[in-house]
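Below is a short walk through one structure.

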Amino acid sequence: MIATDKTGTLTEEQMTVVELDAGAPREALLAMVLANDADGEASAGDPLEVGLLAYARAQGVDVRAERDAHARLETRPFDSAWKYMRVTVGPDRVSYLKGAPEVLLDRCALLPEQRSEWAAKAERAAGRGHKVLALARGDGEREDGLTFLGLVMLWDPPRAEVGAAIQTAQAAGVRVLMITGDHPGTARAVADAIGIPAPAVLIGSDIETLSPEELRSAVQTRNVFARVSPAHKLKLVEALKADGQIVAMTGDGVNDAPALKRADVGIAMGCRSSDVAREVADLILLDDNFATIVAAIEE
């Protein structure tokens, strides 16, 4: 079986903002620009962050001027362990955050009905296949009691050739699993679009609580895994191998290395992998394309 990342492997990794739902759009745009490590002028960096900057510019934001006026004083980089990024900027020492809606909503000072309303909006957008980000702000370096700024919906289209490649793999007896850090609704919508059966999605928090035997049973019927961290990937590989499967696993980050090494075939992404991931991998995809994995199996 092939356990594959979604973004950039099954999809084009060309993130386009399709909607900003914010009560104060100007401040939400500022958060998109400041809580962002991409290079606005060279359009270099994480495709998601490049897409956020492109949208902000299209709305009339001068990215360089705003960054010059709000110098970064401190940062907490995004990590799958906490699922958000924070920057604290001058001159007023204000923090801006972007991250998973379910995480930031819990950190914002909202009434229960407001929190439920925003969470429902995020669920509906994810159900349409959109990647959903939440934006928030706070005074100083605080990460709780925040002011919620809104939701950003992005679209990353599936690669045109992926659906046929998945059909080819399945016809040859190769099961395809999708593993992603995205919202489970987004994962299910994309899986449906490209032909991966997804009657139910297993999320990272479930993987943490299941016993090895329960996880081994779960992976026999689940094909889509969402809100997954590199540590969860390793647990999935071990559960699949314990079930007697021959497992190919894709990855690109330093923290993916244990899962790549443990898999029968570790596959690193040639365009974006860390050196560590490349070193432990058995196969390097020069085009980061799922269809190439299927062609390699055929050969």
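Helix H6 (residues 162–171) and helix H13 (residues 290–298) pack at an angle of about 30°, and their axes are 9 Å apart. Axes are lines fitted to C-alpha atoms, for helices over the stretch in contact, and angles run from 0 to 180 degrees between N-to-C directions. The angle makes H6 roughly parallel to H13, a word used for angles under 35 degrees; over 145 counts as roughly antiparallel, 65 to 115 as roughly perpendicular, and the rest as oblique. From H6, the residues Val-162, Ala-165, Ile-166, Thr-168 and Ala-169 meet Phe-290, Ala-291 and Val-294 of H13, where contact means heavy atoms within 4.5 Å. By class, this contact of H6 with H13 has seven nonpolar residues, one polar and no charged.

The model is predicted: local features need pLDDT of at least 70, side-chain atom pairs count only at pLDDT 80 or more, and totals for chains, interfaces and linings use all residues. Residues are numbered from 1 along each chain as its sequence is written, and side-chain values use heavy atoms, with hydrogens and water left out.

A second pair is helix H1 (residues 25–34) and helix H2 (residues 47–58), whose axes come within 9 Å and cross at roughly 140°. That makes H1 oblique to H2. Leu-29, Met-32 and Val-33 of H1 make the contact with Leu-52, Leu-53, Tyr-55 and Ala-56 of H2. By class, the contact of H1 with H2 has seven nonpolar, no polar and no charged residues.

As for cysteines, a search of the whole structure finds zero disulfides (pairs of cysteine sulfur atoms within 2.5 Å). Cys-108 counts as buried because its relative accessibility is 4%, and Cys-271 counts as exposed at 57%. Buried means under 20% relative accessible area, exposed over 50%, and partly exposed in between, with a 1.4 Å probe and protein chains only.

Technical notes
Helices (H or I, at least four residues) and strands (E, at least two) are DSSP runs, numbered from the N terminus. Ala, Val, Leu, Ile, Met, Phe, Trp, Tyr, Cys and Pro count as nonpolar, Asp, Glu, Lys and Arg as charged, and the others, Gly among them, as polar.
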